[in-house]
There are 2 protein chains.
Amino acid sequence: MGGRVFFEDLEAGAKERFGRYEVTRDEVVEFAGKYDPHPFHLSDEEAAKTHFGRISASGWHTCSMMMAMFVEHLQERQEASIGGVGIDELRWLKPVHPGDVLSLETEIVAKRRSRSKPGIGSVWTRMVTYNQNGEAVLSMTAIGLFALRDPDAPVDEA
Amino acid sequence: MGGRVFFEDLEAGAKERFGRYEVTRDEVVEFAGKYDPHPFHLSDEEAAKTHFGRISASGWHTCSMMMAMFVEHLQERQEASIGGVGIDELRWLKPVHPGDVLSLETEIVAKRRSRSKPGIGSVWTRMVTYNQNGEAVLSMTAIGLFALRDPDAPVDEA
C-alpha cells in the first residue's frame with residue numbers, strides 16, 4: 001500500500017502485536033522519584049515490606065512505556081494520529097519490575113467519524129501490555145483522534 | 001487527629017483541593033522525547049500546524065504531574081496508600097502548555113473493604129486537574145488500595 005495511514009484505513013477487528021521495552025532500575029527510580037515517590041517504587045528494602053516484594057515501576061511509568069511503544073509503531077506506519085481523547089478501564093494487572101521486557105498488543109474495537117469536525121475521526125483501541133513471560137501487566141481502551149485522507153467525503157459514508 | 005490516615009478514616013463525599021505544579025518547557029520536551037514523541041509535543045513549529053497551536057504536554061505527562069501532586073498530599077497526610085488497581089473514564093479535556101500551573105481537586109466517591117484480603121480496602125476517588133485559569137484539563141476516577149488500621153475488624157462492619 002505505502003503512504004500514510006489515515007482514519008479510513010483503520011479497520012475494527014484489526015490486531016497487531018509489536019514493541020520491545022526493557023525496563024531498567026535506573027529509569028524506574030528516576031520516574032518514581034519525579035512523579036510517584038511511594039517508597040515501594042524507590043527501593044527493594046521498602047518494597048519487601050509490601051505485596052510488591054521487590055521494586056516495581058509506577059503504574060504511570062508503565063503507561064508511559066506502553067505509549068513509547070505505541071507511538072514508535074504509529075510513526076513507523078506513518079499513522080495520522082492527532083491526539084488523544086481519553087482512556088477507559090485502565091487496569092494495572094501485575095507489577096512491572098526492573099529486568100522485565102514489555103511488548104504491546106492492540107486491537108481496534110470501534111471507529112466513528114466526527115460530525116462536528118468531518119476531517120477527524122475517533123478510534124477506540126484495546127491495548128494490552130505483556131511482560132516477557134506472556135503475562136498481561138496493563139490493559140486499557142484508548143480513544144484516539146485520527147485525520148481523514150478525504151475530509152470532504154460525506155459523513156454518512158465514512 | 002494526628003497519626004496515619006487509614007482506610008477507616010476515608011469518607012465518601014470528602015473533597016479536597018491542593019497542589020501546585022509549574023509546567024516547564026524543558027520537562028514537557030524531555031517527557032515527550034522519551035515516551036510520546038508526537039511532533040506537536042516537541043516543537044512549537046509542529047504544534048502550530050495542529051489544533052494544539054503551540055507546544056503541549058503529553059497526556060501521560062499530565063497524568064504523571066497529577067500523580068506527583070497526589071502522592072505529595074498522601075505523604076503529607078501519611079495516608080496508608082498501598083497501590084493502584086486502575087483508572088476509569090480518564091479524559092484529557094484541554095491541552096496543557098509550558099507556563100501553566102496545575103492544581104488538583106479530589107473527591108472520594110466510594111469505598112469497599114476487600115473480602116478476600118480483609119486488611120485492604122479499595123477507594124474510588126474522582127480526580128480533576130485544573131490549570132491557573134480554573135479550567136479542568138484532566139479528569140478521571142482512580143481506584144486505589146489502602147491499608148486498614150484494624151485488619152481484624154469484622155468485614156461487615158467496615
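Me: How many residues of chain A are in contact with chain B?
Reply: Happy to start there, with the reminder that this is a predicted model. Contact here asks for C-beta atoms within 7 Å. On the chain B side 24 residues take part, and on the chain A side the count is 24.

Me: Which element gives the most to the side of chain A that touches chain B?
Reply: The elements that give two or more residues to that side are helix H1 (25-35), helix H3 (59-76) and strand S2 (81-92) of chain A. By class, that side has 12 nonpolar, 7 polar and 5 charged residues. With 11 residues, the element that gives the most is S2(A).

Me: What is the bridge partner of A:Gly86 in S2(B)?
Reply: S2(A) and strand S2 of chain B (residues 81-92) run antiparallel, joined by 4 bridges. In S2(B), A:Gly86 has as its partner B:Arg91.

Me: How far apart are the end C-alpha atoms of H3(A)?
Reply: Good one to check by hand. H3(A) has 18 residues, and at 1.5 Å a residue it should span 26 Å. The expected span agrees with the distance between its end C-alpha atoms, which is 26 Å.

Me: Which residues have the most contacts inside the largest nonpolar core?
Reply: That core has 60 residues. In chain B, B:Met66 touches B:Leu104, B:Met127, B:Thr129 and B:Leu138, leaving aside residues up to four places away in sequence. The residues with the most contacts inside the core are A:Met66 and B:Met66.

Notes. Residues are numbered from 1 along each chain as its sequence is written. Chains are lettered from A and ligands numbered from 1 in the order in which they are written. This is a predicted model: local features need pLDDT of at least 70, side-chain atom pairs count only at pLDDT 80 or more; totals for chains, interfaces and linings use all residues. Two residues are in contact if their C-beta atoms, placed from the backbone, lie within 7 Å. Ala, Val, Leu, Ile, Met, Phe, Trp, Tyr, Cys and Pro count as nonpolar, Asp, Glu, Lys and Arg as charged, and the others, Gly among them, as polar. Two strands pair if DSSP finds at least two bridges between them. A nonpolar core is a set of buried Ala, Val, Leu, Ile, Met, Phe, Trp, Tyr and Cys residues joined through C-beta atoms within 7 Å. A residue is buried if 20 or more other C-beta atoms lie within 10 Å of its own, exposed if 12 or fewer, and partly exposed in between; C-beta atoms are placed from the backbone. The expected span of a helix is 1.5 Å times one less than its number of residues.
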